[in-house]
Every structure is written in C-alpha cells, then in structure tokens.
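Please read it beside the sequence and the coordinates.

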Amino acid sequence: MTRPEEGGLTALVVDDEAPARSELRFLLEQDDRIGLVHVAASGTDALRTLENERVDVVFSDISMPGLDGMALARVLARFASRPAVVFVTAYDQHAVDAFAVDAIDYVMKPVRPERLAEAVRRVVASVTPAAGEPRDDEEKIPVELGGVTRFVTRRDIRYVTAHGDYARLHTDTESHLVRIPLNTLEERWAAAGFMRIHRSTLVSMHHVSQVRMDHGKCTVRVGAVDLQVSRRHMRDLRQHLLSRPAGAG
C-alpha cells in the first residue's frame, strides 16, 4: 500500500448509482491524503480495474446487483497484496459482516465530509500507525497455580467468564480463576479492547476472528471457541464494530 507522503493513496470508489459515485469521488479528491481516485459501477467492474491498477483502498457500497460489496471484500481478502476496504452504505445492519471481512471502516450515507475524512485517517493509520501511540496491554495479573504465584499478561487473555465473585481468565492454552468480579474487569479493561458480550462473558476484541449472525443469534469466535452474544449486548457490539479504530480486532 502506498504511503501518503509518497503522493497519496490510490482509491477505488465502487457504487452502482452514478450520483453516489460522483459525490464520493469529489469528496475524496478534496483530501490531500488521496492521490488518485478510480470509479467502478459494480463489483465486477471493480475487479477489472484492480487487474490493471494498483489500489490502496476500496470505498464500496454493499447493496449492489451481482457481486455485492461483501462478496467483493471476500474476493479482495484472497489478494496477495490486499487493498484496505471501507464500506459506504445506507444500511447499518451489515456492520457485523463488515467486521468479519476486516473492513477498516463503515461509513453511513448520506456521507458527511468530516466522517469520510475520519475514514481516510483510519486507512492512513493502518499503513503508518502513529509513533509512540500508547498501548496499555502490559498489565500483569497474578494467578495461583499449585501454590505458586504466576503472572498472566493481559494481552494473552482471550476472554473472561464470571464465576460468582470470581472470574476465570482464558488464554490460548489454559485458564485461571482469580478473585476479581467480572464487572470490575469490564470497567478496568474497556480501554484495552475488552467488551461485555453476555452477563457472564467479557471478550478481548483483539482476539475475535469471526462474528456470526444465524437466525437472529449472534456468536463471536475466539480461537476454536464460539461465545454467545446476548440480545442485550448485540447493540453494543454493533456500535463497537461501527466505531472501532483502524486495524482493531
């Protein structure tokens, strides 16, 4: 992917509606971080463009005839050098699927210039993350194992389950029971990417590899484990996916 300081990002706008294509192209061309903007009227046309042009970021509608935006993103995921994907749509119900295909952002129509500028910022950040950006993932939690106290680093914890006044920390290979209420961990770790998805489950969104909707039920996959998202927390999850920082889980 081209770095902005090397002449700006090359973008591809994909939308089956000509006015939407023209408006988005115009807005992107006003951004100094964007160098060149191509347009395509369908997912198939976009693939033709990508055969001949190097593109850094694709701004795609979702609901299009034929190869829609989600299908296009799944094809792009198989590219050796994959462009970033930003969805631009009038519907918010695709946010979960957007997370599953690792979209950088999800912009709602009608597109506001400041919101589009934020999406471009997230794309740029995915290429050149800010130097010295704070990462609060070094907290170590003491756990008892066979009479010996060990320390588990928070970034290694995939999810946490409630056990009364205790919580069980689950890593890739083991779990540990600690005397800390889940509510306390939820408050303390929210800024580090942990999110409540059920009254008894807290999950690290950095470790979530898949979000799935099936007959109105939602689950997230962490490693080989599927965790249920309660109806109460589905809205919070959707909002998180819509507003997550570039490159997040």
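The numbered points below go from the basis of the model to its salt bridges.

1. The model is predicted: local features need pLDDT of at least 70 and side-chain atom pairs count only at pLDDT 80 or more, while totals for chains, interfaces and linings use all residues. Residues are numbered from 1 along each chain as its sequence is written, and side-chain values use heavy atoms, leaving out hydrogens and water.

2. The chain holds seven helices and 15 strands (DSSP runs, H or I of at least four residues for helices and E of at least two for strands, numbered from the N terminus). Of its 249 residues, 46% count as buried (under 20% relative accessible area; exposed is over 50% and partly exposed in between, with a 1.4 Å probe and protein chains only).

3. The search of the whole structure gives 13 salt bridges (a side-chain nitrogen of Lys or Arg within 4 Å of a carboxyl oxygen of Asp or Glu). In one of them, Lys109 meets Asp15 at 2.8 Å, N to O. These residues are 94 apart, Lys109 in the loop between S5 and H5 and Asp15 in the loop between S1 and H1. Lys109 is partly exposed at 24%, whereas Asp15 is buried at 4%.

4. Asp105 and Arg115 form a salt bridge at 2.7 Å, N to O. Asp105 belongs to strand S5 and Arg115 to helix H5, so the bridge ties together parts 10 residues apart in sequence. Asp105 is buried at 3% relative accessibility, and Arg115 is buried at 16%.
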